[in-house]
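Please keep the sequence and the 3D view at hand while reading.

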Amino acid sequence: MLKLRPALTIGLAAAFVTFLFGGWSIVVIGLLAGAMTGLNYGQRSLKRTPREIGQEAIVPGLVAAGMVVLGGVVFSYVVTPAVGKPLAYSLFLKFGKTAVRMDYFFVLMISIVAGVLLGALASWYMASIQGLPEHTRRARLIIVLVVFLLIFPFFEQITNMQWMAAVITVQIFILLALGLNIVVGYAGLLDLGYAAFFAIGAYTAGLLNSPQIDISWNFWLVIWIAAAVGSVAGLALGAPTLRLRGDYLAIVTLGFGEIVPVVFRNLITVTLREPITRICFVGCDPVKEVRNACLYACTGPLDLTAGEKGINPIGRPLIPFTPENLFGANYLPWYFLILVLILFSIFLIRRMHQSRIGRAWMAIREDELAASQMGIDPVKTKLMAFAMGATFSGFAGAFYGSYISAIFPGVFDFSVSVIVLCMVILGGLGNMVGVIIGGILIMGTDRLFLPQMATLLKGFMTATVLPNVSHPALRDFLTFSLDPIQFRLMLFGLVLVIMMIVRPEGLVPSAERRAELHAGDEAAGAPPLEAEVAAH
Amino acid sequence: MLELKDVHTYYGNIHALKGISLTVDDGEIVTLIGSNGAGKTTTLRTIQGLIRPRHGTITLNGEDLTKVPAHEITSKGVSQSPEGRLIFPRMTVKENLEMGAFARKDKDGIKRDMERVFTVFPRLKERISQKGGTLSGGEQQMLAMGRALMANPRVLLLDEPSMGLSPILVEQIFKIISELHAQGTTILLVEQNARMALSIASRGYVLQTGEIRLQGPAARLRDDEDVRKTYLGEH
């Protein structure tokens, strides 16, 4: 007898998305829900051959995709009228410059059919590859993932889903979370000021590739410099503070995270003077200075960061033999650039994790005293973790600066550090897959679902509720105070608290944890040493 | 081989070791006994460089260890099975043992020593892919000793290997220590279980409030009136 509960749970969660978006999202979400269901059923299946496992997962896949479709239908026939949109409207398919008009009903029909079919197919395939040996399974999984990641952005562009901006932000935060995972997950050092390194990367890229101080180096060079500056900043923060442990380290990093944006906010009148002779090198006014050796910006103090106004515009990446505005025109090149950056980072981090330094991080996290008795230099190892973590947020910062094309000190506040930390913890400390999933969930909620929810709620209020409410105070409350976006931090806090109670190891626990549970089963089976010896 | 000369160690203002001098010669088991707070663990930590002595010298084959950073002392040939074992709970037995050889580069030697550890502790071989934290107390003690052996030390420091183990297990652990000694390992054994320690050691030191009160061949310490009263519980 097949149990359908997991499929229903996955379907329900996924249906929430289509309930908010409807339309083409049914196709994407149906596919994803099917894939997850297949993965779930495949891993728990008692059948042996891939064929049998796959067949077993088709029905649950259909169920999950069915829920998704249901969500989409509810969106179309309940939510849409409730938020005051007409039932029948048109969507456009964009093929480059040409747009094709499509009736919404028609879109819905196509989406439902495609969503259900793709959901069942994905469920079948993902389940059936669970029956393969480890390495082929991995290869298949990676191929499927790559195909999805390649096709999805084009599908998104053609169907005009308007998800791309959010998706790229999610990717940037995933890169950040991967970096923080080194520090928090691998080396076990709590860093609450991680946004500082993000800011340092972004400002480095901003300074070296903008009219601010009139340097415009190539993006491809600047991104490496930003990463290098990030890692140096990591060393600079780490060197004096890494003797601290646990809470104390967290407090110092918290302070660092607060200081860095303030520094960038205030770097608006910079002059560099040799302290004894008072000879000035940078940012002097040659008319007023008597003894000057001005090297750079010799018309008064230098404005490095433009304070609150921010650095704007920051140059875009250029690729030889492509149109100069390739990275200006649309989202696709950005999507693929950050995707490549993420894959590159995953590759590097994996290699590091499996090497000597990865072992040393693990040992330090487990027991610092014992680690130093094994011949591990704790200071060097921790510094390395800080520097590597900062390197990847340097990458992310440089990309972010160029992508948004303007950076402001206010962007890099404490909430960024907290959200990235939430991603790491939610997904599972020390596990990259978990961290990525945590990132998708948290940032997807933050940038995609909450804004959409806010729009819908606003429409719902104006169209359905407010006409029936006459009390002015209540009207005010309903119009202004019920904004899901304002609840976001509370929501994340709630998620963290619930996670800590229900599943402290994260959604996808690291292999160590999983194996630990497994080993626990074995231990229960074998008689403990004491008992055996005592029996003699 | 290992020699401490007039070592004074402080925890802040607390004078923990008040001029300890001891030697461990090649191939010997030397035991350091004493009650709680006498400074036994402090002595081992000082040798390992985890705490710096304020006065005195620690030498290994004539080489001064007092200035060597803690993490390099392991590669000089001193390794320790620490008090409370301090194994890595979330690493497997194999990974724990590999961590013991972290400072070494000679792959063949590491492999050989791994085999040796598994001959001495067949238990560990049975548990090879199990997490350290899921082992029983006795197994964890074996793992801590095995891990220390993986550094291929010239001197093995054992800090209270009998702590928290049942009497039968204590006997087993001590049998293994004698075996290791028979194979030529030099051991400095810190113990509260003075009777067992003195039964396998060749020489012993009695530590009391940071000072060495008595020293000599183990057999003579065993017969000493004070030792019998204070540490062996005889009247």
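## A helix pair in chain A

In this predicted model, H2(A) and H3(A) cross with a right-handed sense. Helix H2 of chain A covers residues 25-44 and helix H3 of chain A covers residues 50-82. Their axes come within 8 Å and cross at roughly 145 degrees.

Which residues of H2(A) meet H3(A)? On the H2(A) side they are Ile26(A), Ile29(A), Gly30(A), Ala33(A), Gly34(A), Thr37(A), Gly38(A), Tyr41(A) and Gly42(A). Their counterparts in H3(A) include Ile53(A), Glu56(A), Pro60(A), Gly61(A), Val68(A) and Gly72(A). By type, the residues of the contact between H2(A) and H3(A) comprise 11 nonpolar, 7 polar and 1 charged.

## Chain A as a whole

The secondary structure of chain A consists of 20 helices and 7 strands. The domain assignment divides chain A into domain 1 (1-151), domain 2 (168-264 + 312-436) and domain 3 (269-302). The centres of domain 1 of chain A and domain 2 of chain A, taken over C-alpha atoms, are 33 Å apart.

Along the principal axes, the C-alpha atoms of chain A fill a box of roughly 90 × 85 × 60 Å.

## The four-stranded sheet of chain B

Chain B has an open sheet of 4 strands in the order E2-E1-E4-E5, with antiparallel pairing. Strand E2 (14-24) and strand E5 (63-64) of chain B are at the edges; each has a single partner strand, so one side of each is left without a neighbour in the sheet.

Strand E1 (residues 2-11) of chain B is joined to strand E4 (residues 53-60) of chain B by 6 bridges in the antiparallel sense. Opposite His8(B) stands His55(B) in E4(B), and opposite Leu2(B) stands Leu60(B) in E4(B). Leu60(B) also has a bridge partner in E5(B), namely Glu63(B). E4(B) and E5(B) pair in the antiparallel sense over 2 bridges. These two strands form a hairpin with 2 residues between them, and Asn61(B) in the turn has a positive phi of about 50 degrees. Helix H1 (residues 40-48) of chain B lies across E1, E2 and E4 of chain B, and runs at about 70 degrees to E2(B).

## The six-stranded sheet of chain B

Another open sheet in chain B has 6 strands in the order E6-E7-E8-E3-E9-E10, and its pairing is mixed. Its edge strands are strand E6 (78-81) and strand E10 (211-217) of chain B, each pairing on one side only. From one strand to the next, the twist averages 20 degrees.

Strand E3 (residues 29-33) of chain B and strand E9 (residues 203-208) of chain B run parallel and are joined by 4 bridges. What is the bridge partner of Thr31(B) in E9(B)? That partner is Gly204(B). Helix H7 (residues 167-182) of chain B packs on this sheet and touches E3, strand E7 (155-159) and strand E8 (186-191) of chain B. The direction of H7(B) makes about 155 degrees with that of E8(B).

Technical notes
Residues numbered from 1 in each chain as written. Chains lettered and ligands numbered in written order. Predicted model: local features only at pLDDT ≥ 70, side-chain atom pairs only at ≥ 80, totals over all residues. Domains from an automatic or database assignment. Pairing = 2+ DSSP bridges. Contact = placed C-beta atoms within 7 Å. Axes fitted to C-alpha atoms, helices over the stretch in contact; angles between N-to-C directions. Left-handed = near helix turned anticlockwise from the far one by under 90°. Nonpolar A, V, L, I, M, F, W, Y, C, P; charged D, E, K, R; others polar.
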